[in-house]
Amino acid sequence: MTTAQFLLGIGIGALTGILAALCGVGGGLIMVPAFVFLMALDQKSAVATSLAVIIAVSMVATAKYSAASLVKWQVVLPVMLGAVVTTWLATDWLKHLSNDWLSRIFAILMIVVGIRMLLVK
């Protein structure tokens, strides 16, 4: 990794941290496109790499938000169980999908979520 790529990574991380903390986007929304378009990662590697980064981001944000009594722990357990089990299974799907299909799925998800957030109060 070059110095320029390292600094670009820090910039992507800083933007991710701001948006994750303010919007709860988890970072993948920012990191996956940035990794693909700015760091030339393929879609599969971008998804996997963003999930690795999100571990630390989530831990820091959860600790701070928990200290402020903002985390609704009664919601965390059932959602976490469903997400962990499904993620375990879905990571195998990633291996079988092409980068093009993954890009399309990600783009459609971003469009649908964006439109919904703009239209629903």
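Is Leu22 buried or exposed? I began my notes with this residue. Leu22 counts as exposed, because its relative accessibility is 69%. I placed Leu22 in helix 1, which covers residues 3-23. I then took the C-alpha separation between Leu22 and Thr49 and got 22 Å. Along the chain the two residues are 27 residues apart.

**Model and confidence**

I am working with a predicted model. I looked up the mean pLDDT of the protein and found 90. Of its residues, 99% reach 70 or more. I then went through the elements. Helix 4 has the highest confidence, with a mean of 92. Helix 5 has the lowest, at 89.

**Overall layout**

I counted five helices and zero strands. Read from the N terminus, the order of elements is α-α-α-α-α. I took the extent of the C-alpha trace along its principal axes: about 40 × 35 × 30 Å. The accessible surface of the protein is about 8900 Å². Carbon and sulfur atoms hold 76% of that surface. I noted 121 residues in the protein, 15% of them buried. I also checked contacts between residues at least 6 apart in sequence. Of these, 48% join residues at least 24 apart.

**The core**

Which residues make up the largest nonpolar core? I listed nine: Ile12, Met31, Val32, Ala34, Phe35, Met39, Ala46, Ile54 and Phe106. Two elements give two or more residues to this core, helix 2 (28-37) and helix 3 (43-67). Helix 2 gives the most, with four residues.

I followed Val32 out of this list. I set aside its neighbours within four places in sequence. Val32 is then in contact with Gln43, Ala46, Val47, Ser50 and Phe106.

I found Gln43 in helix 3. Is Gln43 buried or exposed? Gln43 counts as buried, because its relative accessibility is 6%. I ran the contact search for Gln43, again leaving out neighbours within four places in sequence. The partners are Val32, Val36, Asn99, Leu102, Ser103 and Phe106. Phe106 therefore turns up in my lists for both Val32 and Gln43, and Gln43 is buried at 6%.

Ala40 has a positive phi of about 60° and is not a glycine. Where does Ala40 lie? I found Ala40 in the loop between helix 2 and helix 3. Ala40 is exposed, because its relative accessible area is 70%.

I placed Ser69 in the loop between helix 3 and helix 4 (73-96). Ser69 also counts as exposed, because its relative accessibility is 58%.

**The salt bridge**

How many salt bridges does the count come to? I got one. Asp92 pairs with Lys95. The closest N and O atoms of this pair are 3.2 Å apart. That distance falls within the 4 Å cut-off, so the pair qualifies. Side chains of opposite charge can pair when their charged atoms come close. I also looked at where the two residues sit. Asp92 and Lys95 are separated by about one helical turn, because they are three residues apart in helix 4.

I checked the exposure of each partner. Asp92 is partly exposed, because its relative accessible area is 35%. Lys95 counts as exposed, because its relative accessibility is 58%.

Which residues make the nonpolar surface patch of about 550 Å²? My list reads Ile111, Ile115, Leu118, Leu119 and Val120. I took a second look at one of them, Leu118. Leu118 lies in helix 5, which spans residues 99-119. Is Leu118 buried or exposed? Leu118 counts as exposed, because its relative accessibility is 73%.

Key: Residues are numbered from 1 along each chain as its sequence is written. This is a predicted model: local features need pLDDT of at least 70, side-chain atom pairs count only at pLDDT 80 or more; totals for chains, interfaces and linings use all residues. Side-chain values use heavy atoms; hydrogens and water are left out. Patches are made of residues with over 30% relative accessible area and no salt bridge: like charges are joined within 9 Å, nonpolar side chains (Val, Leu, Ile, Met, Phe, Trp, Tyr) within 5 Å. Accessible areas come from the Shrake-Rupley method with a 1.4 Å probe; for residues, only the protein chains shown count as cover. A salt bridge is a side-chain nitrogen of Lys or Arg within 4 Å of a carboxyl oxygen of Asp or Glu. Buried means under 20% relative accessible area, exposed over 50%, partly exposed in between (1.4 Å probe, protein chains only). Contact means heavy atoms within 4.5 Å. A nonpolar core is a set of buried Ala, Val, Leu, Ile, Met, Phe, Trp, Tyr and Cys residues joined through side-chain atoms within 4.5 Å. pLDDT is the predictor's confidence in each residue, from 0 to 100.
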